[in-house]
Amino acid sequence: THISSALEEHQDERDKRAVAVSLLRAARETALDQVAVKLAAKPLAARVATQAYSKLTDTLVQTTYRLASEHFHPAPSPTNQKRLAVIAVGGYGRGEMALYSDVDLLFLTSFKVTTWAKSVIETMLYILWDLRLKIGHASRSAYDCLRLGSEDFTVRTAMLERRYLCGDCELSADLDQTLS
């Protein structure tokens, strides 16, 4: 809500993105400082820290999705072509992250990646990169995931550890059903 209000003051997309990144960076730094203080107090509680880093990253990805899909590229009339889910995969999908771990994301579409989905994904990636996160990403349909998983062990392994983050939850559920 705070970010949304700040974005309304700007017209230029670059200015809006710079404001969003600035606010998200400050929030991230505050949260990282809090995790560091807790970890220093209990240095053997590493699992709590890895889960906190993962939760913080979830919040950043979810906020970035909301900004990209609602403020930068709103879809006036959602259709089947404008369905997009963001899914954490790999170690991030397990909910376990070290401080500088890669953030592996699957951008799941219903069919091919539409112009709208491409715009949302690009905006999200630019914001996340501007936050200095190391992003690994793929944009695929459930069919693509199944086909590529049968051909590539790395893709198959990443799909085993997946977790819905935001966007179209039915699309994510369809992927779960397809892969089970």
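Buried residues make up 42% of the 180 residues in the protein chain, where buried means under 20% relative accessible area, exposed means over 50%, and partly exposed is in between (1.4 Å probe, protein chains only). Keep in mind that this is a predicted model: local features need pLDDT of at least 70, side-chain atom pairs count only at pLDDT 80 or more, and totals for chains, interfaces and linings use all residues. Residues are numbered from 1 along each chain as its sequence is written, and side-chain values use heavy atoms, with hydrogens and water left out.

Now for the overall layout. The protein chain has eight helices and four strands; these are DSSP runs numbered from the N terminus, with helices being H or I of at least four residues and strands being E of at least two. Reading from the N terminus, the order is α-α-α-β-α-β-α-β-α-α-β-α. The radius of gyration of the protein chain is 17 Å, close to the 16 Å that the globule rule gives for 180 residues, so the chain is as compact as a globular protein of that length. (That radius is taken over C-alpha atoms, and the globule rule is 2.2 Å times the number of residues to the power 0.38.) Along the principal axes, the C-alpha atoms fill a box of roughly 45 × 45 × 20 Å. Take the contacts in the protein chain with a separation of 6 or more: 73% of them come from residues 24 or more positions apart. Contact here means heavy atoms within 4.5 Å.

Next, let's look at how helices pack. Two packed helices are described by the angle between their axes and the distance between the axes. Axes are lines fitted to C-alpha atoms, for helices over the stretch in contact, and angles run from 0 to 180 degrees between N-to-C directions. Start with helix α2 (residues 13-41) and helix α3 (residues 46-72), whose axes come within 11 Å and cross at roughly 165°. That makes α2 roughly antiparallel to α3; angles under 35 degrees count as roughly parallel, over 145 as roughly antiparallel, 65 to 115 as roughly perpendicular and the rest as oblique. Among the α2 residues that meet α3 are A20, L24 and L32, and the α3 side includes Y53, L56 and T63. By class, this contact of α2 with α3 has 14 nonpolar, three polar and four charged residues. (Ala, Val, Leu, Ile, Met, Phe, Trp, Tyr, Cys and Pro count as nonpolar, Asp, Glu, Lys and Arg as charged, and the others, Gly among them, as polar.)

T63 is worth a stop. This residue of helix α3 is buried, with a relative accessible area of 12%. Not counting residues up to four places away in sequence, T63 touches I3 and L24.

Helix α2 also packs against helix α5 (residues 115-130): their axes come within 9 Å and cross at roughly 45°. That makes α2 oblique to α5. Here E13, R17, V21, L24 and R25 in α2 meet T123, Y126, I127 and D130 in α5. The residues of this contact of α2 with α5 divide into four nonpolar, one polar and four charged.

Finally, visit two strands. S139 lies in strand β3 (residues 135-141) and is partly exposed, at 33% relative accessible area. Leaving out residues up to four places away in sequence, S139 touches F107, V113 and I121. Over in strand β4 (residues 162-167) you'll find R162, which counts as partly exposed at 25% relative accessibility. R162 and D104 are 58 residues apart in sequence and 9.7 Å apart in space, C-alpha to C-alpha.
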